[in-house]
Amino acid sequence: MLKGISIYPETLSSKKKIIKVRRDKDGPGRESGHGSVSVDAAEAGLLSRDEAARGPSSGSCIDQLPVRMDYGEELRSPITSLTPGESKTSSPSSPEEDVMLGSLTFSVDYNFPKKALVVTIQEAHGLPVMDDQTQASDPYIKMTILPDKRHRVKTRVLRKTLDPVFDETFTFYGIPYSQLQDLVLHFLILSFDRFSRDDVIGEVMVPLAGVDPSTGKVQLTRDIIKRNIQKCISRGELQVSLSYQPVVQRMTVVVLKARHLPKMDITGLSGSPDPYVKVNVYYGRKRIAKKKTHVKKCTLNPAFNESFIYDIPTDLLPGISIEFLVIDFDRTTKNEVVGRLILGAHSVTAGGAEHWQEVCESPRKPVAKWHSLSEY
């Protein structure tokens with residue numbers, strides 16, 4: 001059986017939400033209880049859309065899993081990247097053909113009396129199709145000033161266009177002109193998706209070392225390139241503890257603390273995030289449980305100390321992955337993922353793989369470690 005139990009220290013609630021999977025002698029597991037487990041497509045999944053559309057006849061590894069196909073929706077992998085040829089596609093390590101991603105036009109100016117950098121995002125041309133149904137995209141742009149990432153802004157979403165005209169101006173105060181040469185403008189071009197996480201079209205990196213706005217506005221056009229996941233800067237750190245008891249076949253997951261989380265206020269002001277952690281448990285390529293912690297208000301270094309318990313048969317343990325999403329809660333707009341950590345079969349970092357191996361090799365012993373969060 002597999003079941004998840006939420007334990008909240010703040011409320012000491014005795015309520016339990018149980019999710020069960022039973023392995024029958026004749027093969028596929030069956031779900032116990034009423035109805036199937038709901039899946040939040042915006043934050044989970046291990047299959048591409050094309051794979052999901054093919055279903056059981058596709059010959060994917062899902063066919064051999066002891067969990068029924070109807071246990072949850074088939075979505076994309078936590079470790080796969082977004083590429084412009086397809087909304088949800090292969091991993092960043094897969095070889096890709098060169099794809100034209102279009103161009104971005106913007107201008108850079110400097111306001112000396114106010115000591116402010118002024119960036120105008122004007123337009124983009126020739127963006128790839130990200131929505132097969134409409135044969136268009138719903139583009140918007142996130143802009144960050146590197147290396148400290150203190151200033152973050154984003155444009156509005158423009159619907160069903162491959163040549164969006166934004167004409168939006170952003171002013172960043174408190175930046176001395178002498179520091180411009182050390183800064184880099186990072187533009188991330190995305191396509192909004194109402195039912196899943198937004199598709200990444202590409203990025204533009206502009207070092208200001210080669211730009212001189214001292215005599216007036218400088219207009220630039222740059223080609224959009226495929227996003228380089230390896231360039232992503234750490235999004236803070238998360239401390240988690242795992243322990244496995246083989247006698248009772250139980251995995252205990254404790255979300256302990258996070259530290260050095262980035263400020264997620266898109267205005268670039270000093271607003272701190274309201275973080276919480278969502279825990280997704282996968283068997284193979286199927287999400288089989290999801291839990292979340294309480295929201296911690298206005299902090300970059302939250303302490304959660306919340307436990308989640310899952311009954312996992314020992315023979316299924318090698319196929320288990322646990323995904324931790326640190327999310328900034330927002331009452332008025334869409335919640336934004338701060339960073340992600342994956343432990344288990346789909347660990348993508350050496351630290352994550354070592355942590356999981358130590359848990360499996362040290363039964364009954366809680367193993368707590370800090371991990372750097374990756375960008376989602």
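This is a predicted model: local features need pLDDT of at least 70, side-chain atom pairs count only at pLDDT 80 or more; totals for chains, interfaces and linings use all residues.
Student: Where does Ser321 lie?

Tutor: In strand E17, which covers residues 320–328.

Student: Is Ser321 buried or exposed?

Tutor: Ser321 has 2% relative accessibility, so it counts as buried.

Student: How far apart are Ser321 and Val281, in sequence and in space?

Tutor: They are 40 residues apart in sequence, and their C-alpha atoms are 5.9 Å apart.

Student: And the side chain of Ser321, which backbone nitrogen lies 3.3 Å from a polar atom of it?

Tutor: That of Ala345. Ala345 is also one of the residues in the contact list of Ser321.

Student: New topic. Where is His355?

Tutor: His355 sits in helix H2, residues 350–361. Its relative accessible area is 0%, so His355 is buried.

Student: What does the side chain of His355 make a polar contact with?

Tutor: With the side chain of His371, at 2.8 Å.

Student: Which residues is His355 in contact with, leaving aside neighbours within four places in sequence?

Tutor: Val240, Leu242, Leu343, Val367, Ala368, Lys369 and His371.

Student: Now the rings. How many aromatic pairs does a search of the whole structure find?

Tutor: Four. One of them is Phe106 with Phe187: the ring centres are 4.7 Å apart and the planes stand at 40°, so this pair is tilted.

Student: Which parts does that pair tie together?

Tutor: Phe106 lies in strand E4 (residues 103–111) and Phe187 in strand E9 (residues 184–191), so the pair ties together parts 81 residues apart in sequence. Both Phe106 and Phe187 are buried.

Student: What about Phe112 and Tyr177, what kind of pair do they form?

Tutor: A tilted one, with 5.1 Å from centre to centre and 40° between the planes. Phe112 is in the loop between E4 and strand E5 (116–125), and Tyr177 is in the loop between strand E8 (165–173) and E9. The two are 65 residues apart, and the pair links distant parts of the chain.

Student: How do Phe112 and Tyr177 count in terms of accessibility?

Tutor: Phe112 has 41% relative accessibility, so it counts as partly exposed. Tyr177, at 25%, also counts as partly exposed.

Student: Which residues do ring pairs link into a cluster?

Tutor: Tyr110, Phe112 and Tyr177.

Student: Which residue lies over the face of Trp370?

Tutor: Arg259, at 3.9 Å from the ring centre.

Student: Back to the strands. How many bridges join E4 to E5?

Tutor: Nine, and the two strands run antiparallel. Phe106, which is in E4, has Ile121 as its bridge partner in E5.

Student: What is in the hairpin of E4 and E5, between the strands?

Tutor: Four residues. In this hairpin Lys115 takes a positive phi near 50°.

Student: How many bridges join E5 to E8?

Tutor: Seven, again antiparallel. Leu117 has Phe172 as its bridge partner in E8.

Student: How many residues of E5 are buried?

Tutor: Eight of the 10, so E5 is largely enclosed by the rest of the structure.

Student: In what order do the strands of the open sheet run?

Tutor: There are four, in the order E7-E6-E9-E10, with antiparallel pairing.

Student: Which strands stand at the edges?

Tutor: E7 (152–154) and E10 (199–207). Each has a single partner strand, so one side of each is left without a neighbour in the sheet. Neighbouring strands here are turned by 15° against each other on average, direction ignored.

Student: How many bridges join E6 to E7?

Tutor: Three join strand E6 (residues 139–146) to E7. The bridge partner of Thr144 in E7 is Arg152.

Student: Last one, the whole protein. How many helices and strands are there?

Tutor: Two helices and 19 strands. Of the 376 residues, 51% count as buried. Among contacts with a separation of 6 or more, residues 24 or more positions apart account for 66%.

How values were computed: Residues are numbered from 1 along each chain as its sequence is written. Side-chain values use heavy atoms; hydrogens and water are left out. Rings of Phe, Tyr and Trp (its six-membered ring) pair if their centres lie within 6.5 Å; planes under 30 degrees apart count as stacked, over 60 as edge-to-face and the rest as tilted. Buried means under 20% relative accessible area, exposed over 50%, partly exposed in between (1.4 Å probe, protein chains only). A charge sits over a ring if NZ of Lys or CZ of Arg is within 6 Å of the ring centre and within 35 degrees of the ring normal. A polar contact is a pair of N or O atoms within 3.5 Å; within protein, one must be able to donate a hydrogen and the other to accept it, and residues adjacent in sequence count only if both atoms are side-chain atoms. Contact means heavy atoms within 4.5 Å. Two strands pair if DSSP finds at least two bridges between them. Axes are lines fitted to C-alpha atoms, for helices over the stretch in contact, and angles run from 0 to 180 degrees between N-to-C directions.
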